[in-house]
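Subject: A structure for you to look at

Hi there,

Have a look around first, then read my notes below.

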Amino acid sequence: MPEASTRPQDAALGSGLGRVLLLVYGIFALSASARALVQITTHFGEAPLAYLLSAFAGLVYISATVGLAIGGVRGRLIALVSCSIELLGVLIVGILTVADTTDFPDDTVWSRFGSGYGYVPLVLPFIGLWWIWRHRPRA
Amino acid sequence: MNGPLSVVTIVAALVLAAWYLLRAALNRAPSRFDLLAAAVFSALVAVLVVIAVVGLFGDSRPSDTATFGGYLITTIAFVPVGAYLARLEPTRWGSLILGIACLVLPVLVLRLQQIASVTGA
């Protein structure tokens with residue numbers, strides 16, 4: 001692997017398990033963004049908050065994917081912030097949608113803790129954070 | 001879209017997924033047979049998608065045609081892309097990639113069925 005010398009040690013692209021993680025993150029980046037795009041372009045007026053949240057979730061997944069992929073100091077920071085927002089997002093939106101449906105008339109990836117996506121959105125930020133923690137710089 | 005072919009596709013996907021996950025658990029890289037199975041399965045999915053596209057020109061067009069088309073493109077491309085990535089990763093993780101691809105596919109087919117069942121008047 002000639003490119004290994006230029007790629008940070010903790011870049012997820014550099015290992016098999018990391019590539020699988022990136023694949024799953026990529027699938028969610030794609031599906032959340034595509035969903036938001038369709039919702040916003042076709043019936044934005046129905047539930048602006050939920051659709052903006054969809055778009056935001058899509059952006060968070062994209063930045064988490066990129067951060068995990070490139071690694072290094074900057075990649076770690078991007079991934080750490082994205083995965084933390086992702087975790088808070090799925091928990092807060094999950095609690096709000098379970099407790100009260102008035103503010104979320106339509107689904108997002110994070111609604112009801114991601115039940116529409118097999119609860120993978122609930123598990124994914126933990127795996128992302130675990131990845132960052134496991135590849136923390138050794139003192 | 002709700003015919004027996006969809007059921008066959010979903011069952012085949014789940015059987016293949018179980019096989020690939022077992023291979024990954026046993027620390028096996030995707031073999032020629034595994035990749036061939038993915039190719040055959042891709043052909044099955046392609047048949048399903050072609051039938052769905054032909055159905056679009058019939059009288060029961062889904063009301064959300066754009067989303068349906070997007071899902072059709074994703075569905076037909078998903079396993080081939082997974083197999084391509086698995087070939088680039090000749091370790092146990094390649095088998096896991098194939099397994100995940102086969103787990104996502106039933107979800108895509110179920111979503112297609114959902115969208116197809118809403119036919120605008």
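How many salt bridges does the rule find across the interface of chain A and chain B? There is one, in a model that, please keep in mind, is predicted. Its partners are Arg19(A) and Glu89(B), whose side chains come together at 2.4 Å, N to O. Sorted by class, the chain A side that touches chain B consists of six nonpolar residues, one polar residue and one charged residue.

Now for the contact as a whole. Chain A brings eight residues to it, and chain B brings nine. Together the two chains bury about 810 Å², and 81% of that area comes from carbon and sulfur atoms. Which three residues supply more of the area that chain A buries against chain B than any other three? They are Val20(A), Leu23(A) and Ile27(A), with 49% of it.

An unreviewed UniProt entry annotates residues 6-23, 35-56, 68-86 and 93-112 of chain B as "transmembrane region". I looked at two of these stretches in the model:

- Residues 35-56 of chain B are 100% helix and 0% strand, with 31 Å between the end C-alpha atoms.
- Residues 68-86 of chain B are likewise 100% helix and 0% strand, and their end C-alpha atoms lie 27 Å apart.

Enjoy exploring, and send me any questions!

Best wishes

Conventions. Residues are numbered from 1 along each chain as its sequence is written. Chains are lettered from A and ligands numbered from 1 in the order in which they are written. This is a predicted model: local features need pLDDT of at least 70, side-chain atom pairs count only at pLDDT 80 or more; totals for chains, interfaces and linings use all residues. Side-chain values use heavy atoms; hydrogens and water are left out. Contact means heavy atoms within 4.5 Å. Buried area is the accessible area (1.4 Å probe) that two parts lose on being put together, summed over both. A salt bridge is a side-chain nitrogen of Lys or Arg within 4 Å of a carboxyl oxygen of Asp or Glu. Ala, Val, Leu, Ile, Met, Phe, Trp, Tyr, Cys and Pro count as nonpolar, Asp, Glu, Lys and Arg as charged, and the others, Gly among them, as polar. UniProt positions are given in the numbering used here, feature names are shortened, and annotations may be inferred rather than shown by experiment. Helices (H or I, at least four residues) and strands (E, at least two) are DSSP runs, numbered from the N terminus.
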